[in-house]
Structures are given as C-alpha cells and as structure tokens.
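Let us walk through this structure step by step.

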Amino acid sequence: MYVAVKGGERAIDNAHAWLAEERRGDSSVEELSVAQIREQLKLAVNRVMAEGSLYDPDLAALAIKQSRGDLIEAIFLIRAYRTTLPRFGGSNPIDTEDMVCDRRVSATFKDAPGGQVLGPTFDYTHRLLDFKLAADGELGKCPKAESSDAATPHIMSFLDREDLIQSEPTGPETPDDLTRTPLELPASRALRLQSLTRGDEGFILGMAYSTQRGYARNHAFVAELRIGTVAVEMDIPELGFAIDIGELTVTECETVNQFQGSKTQPPQFTRGYGLVFGMTERKAISMALVDRALRWKELGEDNVGAPAQDEEFVLYHSDNIQATGFLEHIKLPHYVDFQSELELIRKLRREAQSTLQEAAE
Amino acid sequence: MNMHNDPNAARKEWLSLLAKSPAADVKRYWNELALSLDFIDLRAPEIGGVMVRGRAGAVGAAFNLGEMTVTRASVKLTRGEVGHGYVQGRDKVHAQTAALIDAAMQTDHAEQVEAKILNPLRTEMAAKKSARAAKAASTKVDFFTMVRGED
C-alpha cells in the first residue's frame, strides 16, 4: 500500500524564518560580514574550499555565514553551487616547484637549500587562551627580513638525484575525474588523490593516525611541507596559447616512507603525496599518509587487512557530503516504511504468543 | 617558456596579470584612463569553473585537485581588434574590462594602457609579493649546534 503524505508547508516556512533569525543571533551584537569571515576565519574558509572542491574564498565565506558555522553544511552549499557552473576546461598541472612559499619545513633535512621557513604557524605556541583577543588588542608589528630570490627546489629531488627514492610514474595528461564518472574500483592513483583531497579532514586524519598507530604502518617522515601561492595556467583555445587564469594558495606534503628492495633492485625509499587547497597542513599530511597506505598493491606490499589499505573502505566513506546525506536522511519522514515494520512485528508477536499458548495447553 | 622566441609572450604576460590582479584595481585604472572605444560583445561575460590539476608527488601523473571559479568575456572593437579576458573569480565587469584592455593593447593606445594600467598593476602585485616574502624571510630558521659538554 502506498500512501502519499502532504502537509507541513506552513511549519516549514516558519521554521526557515526562525532559522534566519537564529542565524542573526542577538541583534544588539554587530552582524558578521562575509569579508570578515573571509579574512579572519581563513582556515575555516580554506577547509570549505578544499572539501567543497571549489576555490573561491568569497563563496566559501558566504557559505559559512549561511550555515551558521556548520562547515559540513557550508561544504554542501559549495558542492551544490559547483554543479551549476559550466566547465571551461582543465588547467595545466600546477607547478609546485615554483610556489612562492609562506611556509616550508622539512623534518628530514636541516639544511634544505632555500632554507626552512616557519610562516604563520600555530606550532610552538603554548596553546593558552589569549584573552587579549577578547579585548580590542592592538596588533603587534610583524618583523620583516630581506628575502632572497633563491629557488626552493623540492627536497625530494635531492633523493631522486641519488636514486634513493622511487620515481613517480607518469600518466595521462587528462586524468579520470570523479565529478564526471562515478568512482569505480580499483581506482587509479589519480582518482584516489582526487577523493582524498576533497575528503573529510577528520576522516582522513583518523585513517592517517591509524597507520601511525600500527595498522599498516609505513614509517612516514615529512620530507617537505610547503604552503604558498602557485599560478594556475590553462590553454585558451581562442588565443592558441596558455595564460595564467589565477593564483591559488595550496598546501603540499611529501612524505618519504619505508624503503624496499629486492634481489634485483637495491633498496629505495617510497613516497606519499598530499596536495590540498588553502592553508590546510593537517589535511595535507594526513592525505600523504593515506595515499601511501593505499599504494600497497602497486608497491608489492602485503595487504595486512588494515582499514587504511582498504580503498573501498577509505574512498567510499571519506566524502562527508555523501555520508551526511545518507546519514541525515533517516530523520526525514519514514512513516510508511515504519508502518510496515510495525505490522510485521505485531504479526510475529501474535504468532509467537499463540505458539506459546498451544504449547501450554 | 623562452620569452625571446615566443611571439605571444607579451600578450600572455598582460593577460595573466589581468587575471590575477584584484578586480577593483583593474576596473579603476580602466575607468580612470577613460578611453572611448566602441565595441560589441563577442562573448558576453560568463561565469564558470576550471578543473585545477596537480601531479602525484609533484612530478608524476596528473590528477584533479578541484575547481576554481573563472569568468571570461570577449569583445570586438568597432575598428576590428578582438580582445579576450579570463579572470579569477566571478566578477563579470572584471572579465569584460580585461578583454577591453587586451583589445586596446592591440591599438595605438597600447603605450597609454601599458603606462596607466599594466605598470601600476605590476607594481602593486610585486609590492604585495615582496611584503609577504619579507615576513616569510623573518621566520627563516637559523640552526646552530649546541656545544657538546665533553672535552
């Protein structure tokens, strides 16, 4: 039996009106502007851009305002907007070697050419609440130093020169795109990286942490973590050549992992890779660890049955919009489904009771 | 790319500059120059997305990193020159202004446009970059080795 249920329109309209009022909060407190969110909650904006898979700080800030700071809801808004955009094309792969670095650290080489630059990091802060921020604190002066134009080559390239690190295989210039074709397994590394970079930060972090705790441990060192701006270049058909169409802030993490060798090949380090929109270093490091764990098959390692090695488990559960969509739908009306369950359980109980009675007689 | 052998190098440079410069600056300098150029839209300003790619391990196979918003426009001056604009973000006037500047750079106004629009944009972009680089440089680590206790 199918029963259509209608109604609730007035309740829905009124709920939305109340939502708008609650979003605004106490009207004696000044309203937050989109520009304030964009400038002062930049790391939230970065997360929404990375997981929304659309680089546009103004839109991400608007989404955060609209969602009352619920970042998964904001990511949902960005994903929905993204689908309305006509696709002009694909960029040439960004060249992170040319990144203008705000931050660049290596846990493996102290004397990296180009130097170690801390950038605006939370590292080394004492994690004590700063009550000056609650008052109208004056901003201290930010020191400056003479910058050099010295190149900042990838640290991995030094290991590569000595053949100490596995070289990266090449692939097609137009990679598979999970926004165009549904994800199928086994997934190419390109598809894995695309899902990881837009995956939920908490989920990817948990997976990465599990490898550190011993579930498919891969002994990762951060060979290099760099954050900065890169130009995005695209071929423009009407011009017949490529131009820069913009500039992005990205975070890149390269890990150097446990080595392997065989009777025919001398030992070499292996590598994991993370690249994420914005200043998002926790996510980029996590991505590199999970990328490395998922590479077990191509590197000829054993599947030890660890969750981080299971690409179906990782890739099908890392997208917070898919996850929240399915999870939250169970709170929506299921009256008819539940009615049939009710009838079934009543019938089963009636049968069970009459069997008991028969046995007693 | 070798700038000397590429006939499109100059145009590539100014189009890239217009794409990355703040919309407000591009529009302001263009309005201040107040060239009266009649034009028609070849392509009305249009907002879209571009899939940004990266490379696995920075040097390996390409993969899709995510999209960015881009706005494009094309204009044709009544005197014939065609200009194209592709700019980051969703500002339609920015894209059309970039296309107009591109067209104007192909006319005898080129010198004026260079002096009054492109040069100031270049200067501002360089200033912004060097201010950031100076702050980054101040956070560069100078390692020193502690003197060991033994004789």
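Contact here means heavy atoms within 4.5 Å. By that test, 53 residues of chain B are in contact with 75 residues of chain A. The model is predicted: local features need pLDDT of at least 70, side-chain atom pairs count only at pLDDT 80 or more, and totals for chains, interfaces and linings use all residues. Residues are numbered from 1 along each chain as its sequence is written, chains are lettered from A in the order in which they are written, and side-chain values use heavy atoms, without hydrogens or water.

The area buried between chain B and chain A is about 5,600 Å². Buried area is the accessible area (1.4 Å probe) that two parts lose on being put together, summed over both. Carbon and sulfur atoms give 61% of it. B:Arg53, B:Leu65 and B:Glu67 supply 13% of the area that chain B buries against chain A, more than any other three residues.

Now take helix H4 of chain A, residues 57-66. Helices (H or I, at least four residues) and strands (E, at least two) are DSSP runs, numbered from the N terminus. Buried residues have under 20% relative accessible area (1.4 Å probe, protein chains only). In H4(A) they are A:Leu59, A:Ala60, A:Ala61, A:Ala63 and A:Ile64. They pack against helices H2, H3 and H5 and strand E1 of chain A, together with strand E2 of chain B. Just after H4(A), A:Arg68 takes a positive phi of about 60°.

Note on methods:
Buried means under 20% relative accessible area, exposed over 50%, partly exposed in between (1.4 Å probe, protein chains only).
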